[in-house]
Amino acid sequence: MLIDTPGMRELGVIGGDGVEAGFEELAGLAAQCRYADCSHRHEPGCAVRAAMERGDLSEDRFASYLKLKKESEHHERSDLERRQKDKACGRFIKSVQKRMKE
Ligand SMILES: [Zn+2]
């Protein structure tokens, strides 16, 4: 199965939960981690790292999951910034309209 194709990448970035799509077993493992915000790097009780140590999960697969997750988070962040800018812009327009009425 090819994971790192442009199509998969797009799918992962567009949908909110898209990162987990195609990485179901990884998402399932991540849900078993001791911490909900586990980065699967050095936290104790990490189910993902335990699976890698057992050989159930390849490091390559985990690396591409992390890469996709990072891209998706970046995408979500820029989306939020854009919304905040829109809000600020709306406030500015309203204040101008108010001044014009006065
Ligand atoms: Zn973990």
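Predicted model: local features only at pLDDT ≥ 70, side-chain atom pairs only at ≥ 80, totals over all residues.

Student: Which are the buried residues of helix 4?
Tutor: Tyr 65, Leu 68 and Ser 72.

Student: OK, zooming out. What's the order of elements in the protein chain?
Tutor: From the N terminus it runs α-α-α-α. That's 4 helices and 0 strands.

Student: And what share of the protein chain counts as buried?
Tutor: 13% of its 102 residues.

Student: Which residues make up the largest nonpolar core?
Tutor: There are 9 of them: Phe 23, Leu 26, Leu 29, Cys 38, Cys 46, Val 48, Leu 57, Tyr 65 and Leu 68. Helix 2 and helix 4 each put at least two residues into this core. In soluble globular proteins, nonpolar side chains tend to be buried together.

Student: Switching to loops: where does His 40 lie?
Tutor: His 40 is in the loop between helix 2 (24–30) and helix 3 (47–54). Its phi is near 60°, a positive value in a residue that isn't glycine.

Student: Is His 40 buried or exposed?
Tutor: Buried, because His 40 has 22 C-beta neighbours inside 10 Å and the cut-off is 20 or more.

Student: Now confidence. Where in the protein chain is it lowest, and where highest?
Tutor: Lowest in helix 1 (residues 6–14), with a mean of 48, and highest in helix 3, at 95. Over residues 10–16 the pLDDT is below 50, and that stretch has 12 contacts in the model beyond near neighbours in sequence.

Student: What does the protein chain average in pLDDT?
Tutor: 81, with 79% of the residues scoring at least 70.

Conventions. Residues numbered from 1 in each chain as written. Buried ≥ 20, exposed ≤ 12 C-beta atoms within 10 Å, placed from the backbone. Core = buried A, V, L, I, M, F, W, Y, C linked by C-beta atoms within 7 Å. pLDDT = per-residue confidence, 0-100. Contact = placed C-beta atoms within 7 Å.
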